[in-house]
Amino acid sequence: MTRYLAAFALLVLPALALGQAAKPEAAAAEAHPRVVLHTSQGEITLELFPDKAPKSVANFLQYVRDDFYAGTVFHRAVNGYLVQGGIYTRDLQQKRTRAAIASEADNGLSNLRGTVAVARGADPASGTSQFFINLVDNRRLDYAGNQSGLTWGYAVFGKVVEGMNVVDKMAGLPTRALGPFVNDVPNPLVVIDGANVVGEEKPAPKAAPAPATSAAAKPPAKTPVKAPATPKKKA
């Protein structure tokens, strides 16, 4: 009997140890949520850092869960600098956003290649839905002090963990003047078809029943939107 219990313990203890070792990994996955951007150039997976930028991450996740980014474009691509998107539709009209958030640029994270940061205007606390992905180490975009919007920098809240080749491909596209922009608009437009939080994938929608009549449906009237201030381009 004693031998049996000893053998059983030898089998169970390693399994328990493995289970305990897996817990920190699971906790880390929950602590750093991931978001997949499904674009016309391919998929980009972002890992977010709520421990460093809780307001920025919560804001971004809410836009993702609201399907805000579906149908928006990367309207700016500067090879050797950054790509930016998150507010303009295919016809380069701005979408209505929620209220702006306070900047978390002083969180110690640097604008290194592959990191994702909040795009904003001259006011550090003017970031909404726009974001950019750094193509190179842009340390001059880091927080340097609270003296002005220029020294405040841009808040990093995540990084690309898969699909940086897609980002580079976007940056390599030819650019043009289009809509309100005098340059830097990718040609063709890079469209975000959708975005989702990993582990929160939505089930495919059920097929809609056939209409009762054959009358053509009228498209809904366009709702005017209030355009937020366009962020100024960083020199």
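Helices (H or I, at least four residues) and strands (E, at least two) are DSSP runs, numbered from the N terminus. By that rule, Pro 188 sits in the loop between strand 10 (181-186) and strand 11 (190-197). The peptide bond from Asn 187 to Pro 188 is cis, with omega near 5°.

This is a predicted model: local features need pLDDT of at least 70, side-chain atom pairs count only at pLDDT 80 or more, and totals for chains, interfaces and linings use all residues. Residues are numbered from 1 along each chain as its sequence is written, and side-chain values use heavy atoms, with hydrogens and water left out.

## Overall build

The protein chain holds 4 helices and 11 strands. Of its 235 residues, 43% count as buried. Buried means under 20% relative accessible area, exposed over 50%, and partly exposed in between (1.4 Å probe, protein chains only). The accessible surface of the protein chain comes to about 13400 Å². Carbon and sulfur atoms account for 60% of that surface. These areas come from the Shrake-Rupley method with a 1.4 Å probe; for residues, only the protein chains shown count as cover.

Contact means heavy atoms within 4.5 Å. Among contacts between residues at least 6 apart in sequence, 68% join residues at least 24 apart.

Phe 131 and Ile 87 are 44 residues apart along the chain, and their C-alpha atoms are separated by 8.9 Å. Lys 169 and Gln 41 are 128 residues apart, with 7.6 Å between their C-alpha atoms. Lys 169 belongs to helix 4 and is partly exposed at 44% relative accessibility.

## Salt bridges

A salt bridge is a side-chain nitrogen of Lys or Arg within 4 Å of a carboxyl oxygen of Asp or Glu. The whole structure has 6 salt bridges. The table gives some of them.

| Pair | N to O distance |
|---|---|
| Asp 66 and Arg 98 | 3.9 Å |
| Arg 113 and Asp 168 | 2.8 Å |
| Asp 137 and Arg 139 | 3.7 Å |

The salt bridge of Asp 66 and Arg 98 has a 3.9 Å N to O distance. This pair links distant parts of the chain, 32 residues apart. Asp 66 is in the loop between helix 2 (54-65) and strand 3 (72-74), and Arg 98 is in the loop between strand 5 (82-85) and strand 6 (115-118). Asp 66 is partly exposed at 46%. Arg 98 is partly exposed at 31%.

Arg 113 and Asp 168 bring their closest N and O atoms to 2.8 Å. They also join distant parts of the chain, 55 residues apart. Arg 113 is in the loop between strand 5 and strand 6, while Asp 168 is in helix 4 (residues 164-171). Arg 113 has a relative accessible area of 42% and is partly exposed. Asp 168 is partly exposed at 33%.

Arg 139 is exposed at 52%.

## Cavities

Rolling a probe the size of a water molecule over the atoms shows where empty space is left. On a 1 Å grid over the protein atoms alone, a cavity is a set of points where a 1.4 Å probe fits but cannot get out; lining residues have an atom within 4 Å of a point. Grid points are joined across faces, edges and corners, and a volume is the space filled by probe spheres set on the points.

The search finds 2 cavities of 30 Å³ or more. Ala, Val, Leu, Ile, Met, Phe, Trp, Tyr, Cys and Pro count as nonpolar, Asp, Glu, Lys and Arg as charged, and the others, Gly among them, as polar.

The second largest cavity has a volume of about 50 Å³. Its lining includes Ser 56, Tyr 69, Val 118 and Phe 131. Helix 2 supplies the largest share, 3 residues. The classes are 6 nonpolar, 5 polar and no charged residues. Phe 131 lies in strand 7 (residues 131-134) and is buried at 1%.

Asp 67 has a positive phi of about 60° although it is not a glycine. Asp 67 lies in the loop between helix 2 and strand 3 and is partly exposed at 40%. Leu 92, also not a glycine, has phi near 60°. Leu 92 is in the loop between strand 5 and strand 6 and is buried at 5%.

Definitions and conventions: 1 Å grid on protein atoms, 1.4 Å probe; cavity = no way out; pocket = protein on both sides within 12 Å on 5 of 7 lines; lining within 4 Å.
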